[in-house]
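Me: I'm new to this one and have a few quick things to ask. Here it is.

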Amino acid sequence: MKSHIAVVGAGSWGTTVASIVAQNQPTMLWARRAELAKQITSRHENVDYLRGSALTESLSCSANLQDVVRDASIVMMAVPSNGFREVLVEVAKYVSPRVPIVSLAKGLERETLKRMSEVIVEVLPRHDVAVLTGPNLAHEILVGQPAATVVACADDEVAKQIQVLLTRPTLRVYTNPDVLGCEIGGVVKNVIAIASGIVEGMGFGDNSKATLITRGLAEMSRLGVALGANPSTFTGLAGIGDVVATCASAQSRNTAVGVRLGKGESIDSITGSMKMVAEGVKSSLSVLQLAQRCKVDMPITQQVAAVCEGTISASDAMVQLMSRASKAELD
């Protein structure tokens with residue numbers, strides 16, 4: 001019998017990934033709440049996050065982390081960045097030695113500015129680390145719309161192993177050795193999505209959105225390259241691919257936050273009404289602080305962080321961006 005795959009975190013993306021992997025290998029999903037775990041196992045549906053979408057019938061779900069992680073051959077962490085370390089420390093108590101750990105999160109740890117792969121290395125230093133990222137809107141992938149994703153891992157054999165687990169007739173999986181670049185792409189993408197949503201919420205058109213997305217991609221690339229990433233990563237699925245999907249989609253939580261901010265709603269009101277985490281709200285300030293540490297200019301990120309921290313309105317942030325001194329595009 002094949003060993004099982006553990007997916008930790010039963011939000012929309014964790015559930016989707018678990019359902020896909022369960023079509024290729026026995027898979028167990030961990031949910032914080034016992035009632036949700038029971039629902040997923042017995043009804044093959046995650047009503048809280050993916051209502052109306054059927055899950056793979058063989059997928060089992062439990063609220064007992066030890067049962068899910070123990071003896072797993074790979075552990076996939078689908079926990080938001082703000083709680084990632086806390087859950088990973090618990091996972092470390094039960095995971096078998098040398099088992100690869102895959103991060104599905106797109107955020108930075110707020111206190112340390114570390115990427116999730118760096119957190120994994122700290123907590124589980126003798127385990128291979130991989131990242132799953134790209135233009136991956138959960139519902140579209142779950143219902144089988146054609147899509148692609150990226151597995152980033154320094155070890156090509158581990159990357160290929162995960163690639164096989166995730167590949168389906170409607171899901172192409174690519175590998176990329178640039179873990180750092182793929183993570184930075186996913187993190188900064190969320191910030192760009194909030195900015196794009198603000199533009200939409202303020203009633204501006206396609207020129208405005210295209211300008212903002214393009215300049216946001218420039219910020220993403222500048223930061224990534226300063227940290228040591230491969231510039232080509234940002235023209236691929238983990239960079240521009242993820243940005244296009246997120247900024248164009250009404251399903252994106254980060255874009256939805258931006259739209260509401262652009263319409264004048266307060267950040268506290270928005271986050272208080274949301275069931276799922278919009279990573280960009282927490283990550284925008286962390287991205288800015290990381291950029292400042294690297295002496296990288298990121299004006300869009302700076303304004304999004306200010307709006308998300310409640311220190312400036314969306315309309316004032318737009319004025320600040322448009323009144324900046326003129327410069328060469330490639331600087």
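Me: Is Lys209 buried or exposed?

Reply: This is a predicted model, so the values are computed from it. Lys209 counts as buried, at 19% relative accessibility; the cut-off for buried is under 20%.

Me: What does Lys209 form a salt bridge with?

Reply: Its partner is Glu200, and the closest N and O atoms are 3.1 Å apart. Glu200 counts as partly exposed, at 40% relative accessibility.

Me: Which residues of H10 and H11 meet?

Reply: On the H10 side they are Lys209, Ile213, Leu217 and Met220. On the H11 side they are Gly239, Ile240, Val243 and Cys247. By class, that contact has 6 nonpolar, 1 polar and 1 charged residues.

Me: Where are those two helices, and what is the angle between them?

Reply: H10 covers residues 206-227 and H11 covers residues 237-248. They pack at an angle of about 145 degrees, and their axes are 11 Å apart.

Me: Left-handed or right-handed crossing?

Reply: The crossing of H10 and H11 is right-handed.

Me: Switching topic. How many disulfides are there?

Reply: A search of the whole structure finds 0.

Me: What about Cys294, how far is the nearest cysteine sulfur?

Reply: For Cys294 the nearest cysteine sulfur belongs to Cys182, 18 Å away, and Cys294 is in no disulfide either. Cys294 is partly exposed, with a relative accessible area of 23%.

Me: Back to charges. How many salt bridges does the whole structure have?

Reply: The search finds 17. One of them joins the side chains of Glu265 and Arg260, at 2.7 Å from N to O.

Me: Are Glu265 and Arg260 buried or partly exposed?

Reply: Glu265 counts as partly exposed at 27% relative accessibility. Arg260 also counts as partly exposed, at 27%.

Me: Which residues are linked in a network of salt bridges?

Reply: Arg85, Glu109, Lys114 and Glu122 are linked that way. Within it, Glu122 forms a salt bridge with Lys114, with the closest N and O atoms 3.2 Å apart.

Me: And how accessible are Glu122 and Lys114?

Reply: Glu122 is at 42% relative accessibility and counts as partly exposed. Lys114, at 24%, counts as partly exposed as well.

How values were computed: Residues are numbered from 1 along each chain as its sequence is written. This is a predicted model: local features need pLDDT of at least 70, side-chain atom pairs count only at pLDDT 80 or more; totals for chains, interfaces and linings use all residues. Side-chain values use heavy atoms; hydrogens and water are left out. Axes are lines fitted to C-alpha atoms, for helices over the stretch in contact, and angles run from 0 to 180 degrees between N-to-C directions. Helices (H or I, at least four residues) and strands (E, at least two) are DSSP runs, numbered from the N terminus. A crossing is left-handed if the near helix is turned anticlockwise from the far one by less than a right angle, and right-handed if clockwise. Contact means heavy atoms within 4.5 Å. Ala, Val, Leu, Ile, Met, Phe, Trp, Tyr, Cys and Pro count as nonpolar, Asp, Glu, Lys and Arg as charged, and the others, Gly among them, as polar. A disulfide is a pair of cysteine sulfur atoms within 2.5 Å. Buried means under 20% relative accessible area, exposed over 50%, partly exposed in between (1.4 Å probe, protein chains only). A salt bridge is a side-chain nitrogen of Lys or Arg within 4 Å of a carboxyl oxygen of Asp or Glu.
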